[in-house]
Amino acid sequence: MSLEAFVSYLSLEKNYSKHTIAAYQKDIQEFTSFTTTEYQTAEISEVDYITIRAWVVKLVNTGISNRTVNRKIASLKSYYRFLQKIEAITKNPLSKHKTLKTKKNLEVPFSELEMDKILKQIPFENDFEGIRDKLLIELLYSTGIRRAELINLKVSDFDTAKTTLKVLGKRNKERIVPLLPGLIPLLTTYLSLRLKLKIISDKEALILTKSGDKIYETLVYRVINKYLSMVSPKVKKSPHILRHTFATHLLNKGADLNAVKELLGHSSLASTQVYTHNSIAELKKVYANAHPRNRD
């Protein structure tokens with residue numbers, strides 16, 4: 001069955017991003033290469049679970065992480081579900097496959113004190129790059145948007161009158177996120193400096209490099225790492241940690257879990273619940289200090 005048909009399905013019906021589709025395609029092509037080399041068959045629909053299991057063993061023996069192996073198998077499983085959907089096969093050989101065990105990565109959010117230091121004590125330069133960097137950090141922390149969502153923000157996505165931001169999330173789902181009033185003056189200052197750039201290659205993109213190009217992933221990471229390193233000894237300093245920090249701080253202050261889910265753009269509550277372990281720790285601390293029976 002044509003892999004091109006599956007790719008079209010992911011793009012047109014599932015609205016997956018180009019990056020996600022490319023990852024699926026690569027994983028399936030790797031498996032096809034394995035079956036062709038080891039079993040002289042390039043037709044995935046004819047492969048049984050024993051063959052798939054042999055691929056899993058080979059992947060594990062190469063030294064890649066169980067998490068990566070699970071992702072590759074998930075791509076293959078999705079392809080088999082597609083083949084079932086179009087009735088090219090009657091049974092999914094991966095229907096009873098159990099994922100490999102993985103270690104949970106503990107993501108430690110930044111404290112309110114650390115965020116206060118970075119936004120109030122660090123002397124950002126009063127030029128285009130300095131103002132842009134501060135806006136970038138403020139946006140990630142005050143809205144909880146993803147790095148890709150930040151990169152793809154357009155100038156027109158801001159409604160300064162309503163103090164809201166339109167965000168295009170995963171699978172092209174739009175959501176409206178409220179902005180803190182204090183962010184508007186910083187945004188206004190940035191936009192005025194943006195207009196003074198000699199060349200702007202992407203006139204719609206909000207966050208630009210000093211050369212006038214749309215900002216890119218590694219630059220966002222460098223900015224976050226640079227400034228957070230000034231206030232925190234934590235090893236992991238990434239845009240996602242700021243998203244994690246945003247959710248944790250809201251939940252610590254008693255925000256409704258469903259509201260946080262909507263702000264983050266999660267499709268299910270289960271995705272948001274991963275952030276609750278920190279808020280529960282905070283609740284336990286409050287409980288221990290406040291409950292009268294704890295003094296006995």
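At roughly what angle do the axes of H6 and H9 cross? The views below take up this crossing and its surroundings in a predicted model, in which local features need pLDDT of at least 70, side-chain atom pairs count only at pLDDT 80 or more, and totals for chains, interfaces and linings use all residues. Residues are numbered from 1 along each chain as its sequence is written, and side-chain values use heavy atoms, with hydrogens and water left out.

**View 1. Helices H6 and H9 cross at roughly 90 degrees.** The two axes, which are lines fitted to C-alpha atoms over the stretch in contact, with angles from 0 to 180 degrees between N-to-C directions, come within 10 Å. H6 and H9 are therefore roughly perpendicular to each other, a word used for angles of 65 to 115 degrees. In contact, meaning heavy atoms within 4.5 Å, are Arg132, Asp133, Leu136, Ile137 and Leu140 of H6 with Leu219, Val220, Val223, Ile224 and Tyr227 of H9.

**View 2. Helices H5 and H6 cross at roughly 150 degrees, with their axes coming within 10 Å.** That angle makes H5 roughly antiparallel to H6, the term for angles over 145 degrees. From H5, Met115, Ile118 and Leu119 meet Lys134, Ile137, Glu138 and Tyr141 of H6.

**View 3. The largest nonpolar core has 44 residues.** Such a core is a set of buried Ala, Val, Leu, Ile, Met, Phe, Trp, Tyr and Cys residues joined through side-chain atoms within 4.5 Å, where buried means under 20% relative accessible area, with a 1.4 Å probe and protein chains only. Ile118, Leu136, Leu139 and Leu150 have the most contacts inside this core. Among the elements that give two or more residues to the core are helix H5 (112-120), helix H6 (128-143) and helix H9 (217-228), helices being DSSP runs (H or I) of at least four residues, numbered from the N terminus. The largest share of this core, eight residues, comes from H6. Leaving aside residues up to four places away in sequence, Ile118 touches Phe124, Ile137, Tyr227, Leu228 and Val231. Apart from this core lies another, of 27 residues, which include Val7, Leu10, Ile21 and Leu100.

**View 4. Ser8 has its place in helix H1, residues 3-12.** Although Ser8 and Ile21 are 13 residues apart in sequence, their C-alpha atoms are 9.3 Å apart in space.

Terms used:
Buried < 20%, exposed > 50% of the residue type's maximum accessible area, 1.4 Å probe, protein only. Parallel < 35°, antiparallel > 145°, perpendicular 65-115°, else oblique.
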